[in-house]
Amino acid sequence: AAYNPLATVRKKFVISIATMNAAKQAAGYKAIDNHLLPSFKYVGIGSGSTVVYCVERIAQLREKVPEINSMYFVPTGYQSRQLIVDAGLPLMEIDQFSAGELDIVFDGADEVDSQLNCIKGGGGCQFQEKLVGKCSKKFIAVVDDSKISQRLGEHWLQGIPIEVVPSAHKKVAVDLKRLGASKVTLRSGGKSKAGPMVTDNANFVLDAYFGEIAPERVAELDRSIKLLVGVVETGLFDYADEVYIGRTSGPTEIL
Ligand code: 5RP
């Protein structure tokens with residue numbers, strides 16, 4: 001039967017820990033310990049500062065779990081490709097796969113709501129992150145507790161990252177406002193680089209703030225944005241299976 005991510009059980013695991021980096025590490029390590037099965041062949045590796053700890057843990061486990069040496073790791077962008085290479089893990093690119101062919105992907109998120117919908121793309125990698133996610137049987141998110149909200153847009157005020165074909169950025173910005181975005185910004189390349197940020201796919205990123213988004217509206221809003229000519233991909237993800245949350249204070253709990 002075809003893989004249906006919405007049919008899977010969605011869970012949150014909360015791990016208590018003292019500092020932000022330790023919280024990210026706890027989430028990354030626990031997710032790997034609970035989900036990296038020796039029988040896996042193809043494993044997706046997402047982007048950002050939290051998945052660094054997933055890769056660190058995989059590298060640590062190589063001796064104890066020698067099957068890791070015959071797995072292939074599939075990156076969601078330049079940064080995670082480098083992580084895989086630097087850890088000496090076997091690398092494969094996503095162009096070799098179609099839907100459901102990767103066993104699992106571990107990825108970070110910018111915000112996670114009560115139904116485990118996510119905003120991703122803070123690092124501008126949302127297209128390949130979604131591609132790897134759609135090619136994976138399971139999507140495990142790893143975050144610290146600053147990312148948790150009832151509704152997307154509650155804490156992540158930068159807006160939904162939307163990758164656009166460069167020549168369409170003005171048109172899409174106007175379309176997004178018509179769709180209800182209160183603010184749309186063309187992401188810049190940062191202080192040292194003049195002009196817009198350019199993604200791994202040579203596109204631009206618009207950050208569009210739609211206010212707080214009710215969990216049941218996420219999939220529909222994603223579809224409406226995707227229909228705009230010039231949009232390559234959005235940072236709305238409606239299919240995390242499980243979320244590992246490293247907590248910076250408070251008691252340990254499993255939800
Ligand atoms: C990059 C992403 C990242 O996964 C997201 O920004 C979270 O990053 P971090 O773990 O550094 O907070 O989507 O495009």
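The model is predicted. The ligand has 17 residues around it, with G48, S49, G108, G122 and G123 coming nearest. Helix 1 and helix 2 cross at roughly 50°. L116 and A202 are not glycines, yet L116 has a positive phi, and so does A202.

**Ligand shell**

- Around the ligand stand 17 residues.
- Those that come nearest are G48, S49, G108, G122 and G123.
- By class, the shell holds two nonpolar, 11 polar and four charged residues.

- G108 sits in the loop that joins strand 4 (104-107) to strand 5.
- G108 is buried because it has 29 C-beta neighbours inside 10 Å, and the cut-off for buried is 20 or more.
- Leaving aside residues up to four places away in sequence, G108 touches G46, S47, G48, T50, V51, V142 and V143.
- One of these contacts, G48, is also among the residues that come nearest to the ligand.
- Another contact of G108, V51, belongs to helix 2 (residues 51-60).
- G77 is 31 residues from G108 in sequence, and their C-alpha atoms are 13 Å apart in space.

**Helix 1 against helix 2**

- The axes of helix 1 (residues 20-35) and helix 2 (residues 51-60) come within 8 Å and cross at roughly 50°.
- Helix 1 is therefore oblique to helix 2.
- The crossing of the two helices is right-handed.
- Helix 1 makes the contact through K24, Q25, G28, Y29, A31 and I32.
- Helix 2 contributes V51, Y53, C54, R57 and I58.
- The residues of this contact divide into seven nonpolar, two polar and two charged.

- L116 has a phi of about 65°, a positive value, although L116 is not a glycine.
- L116 is placed in the loop between strand 5 (111-112) and strand 6 (118-119).
- L116 counts as buried because 20 C-beta neighbours lie inside 10 Å.
- A202 belongs to the loop between strand 9 (183-186) and strand 10 (204-209).
- A202 counts as exposed because it has 8 C-beta neighbours inside 10 Å, and the cut-off for exposed is 12 or fewer.

**Exposed residues and their spacing**

- T19 lies in the loop that runs between strand 1 (11-16) and helix 1.
- T19 counts as exposed because it has 12 C-beta neighbours inside 10 Å.
- T19 and L228 are 209 residues apart in sequence, and 41 Å apart in space, C-alpha to C-alpha.
- S167 is in the loop between strand 8 (160-164) and helix 5.
- S167 is exposed, because 9 other C-beta atoms lie within 10 Å.
- S167 and N203 are 36 residues apart along the chain, and 9.1 Å separates their C-alpha atoms.
- K170 is part of helix 5 (residues 169-179).
- K170 is exposed, because 12 other C-beta atoms lie within 10 Å.
- K170 and L37 are 133 residues apart in sequence, and their C-alpha atoms are 46 Å apart in space.

Technical notes
Residues are numbered from 1 along each chain as its sequence is written. This is a predicted model: local features need pLDDT of at least 70, side-chain atom pairs count only at pLDDT 80 or more; totals for chains, interfaces and linings use all residues. A residue is near a molecule or strand if its C-beta atom, placed from the backbone, lies within 6 Å of it. Ala, Val, Leu, Ile, Met, Phe, Trp, Tyr, Cys and Pro count as nonpolar, Asp, Glu, Lys and Arg as charged, and the others, Gly among them, as polar. Helices (H or I, at least four residues) and strands (E, at least two) are DSSP runs, numbered from the N terminus. Two residues are in contact if their C-beta atoms, placed from the backbone, lie within 7 Å. Axes are lines fitted to C-alpha atoms, for helices over the stretch in contact, and angles run from 0 to 180 degrees between N-to-C directions. Angles under 35 degrees count as roughly parallel, over 145 as roughly antiparallel, 65 to 115 as roughly perpendicular and the rest as oblique. A crossing is left-handed if the near helix is turned anticlockwise from the far one by less than a right angle, and right-handed if clockwise.
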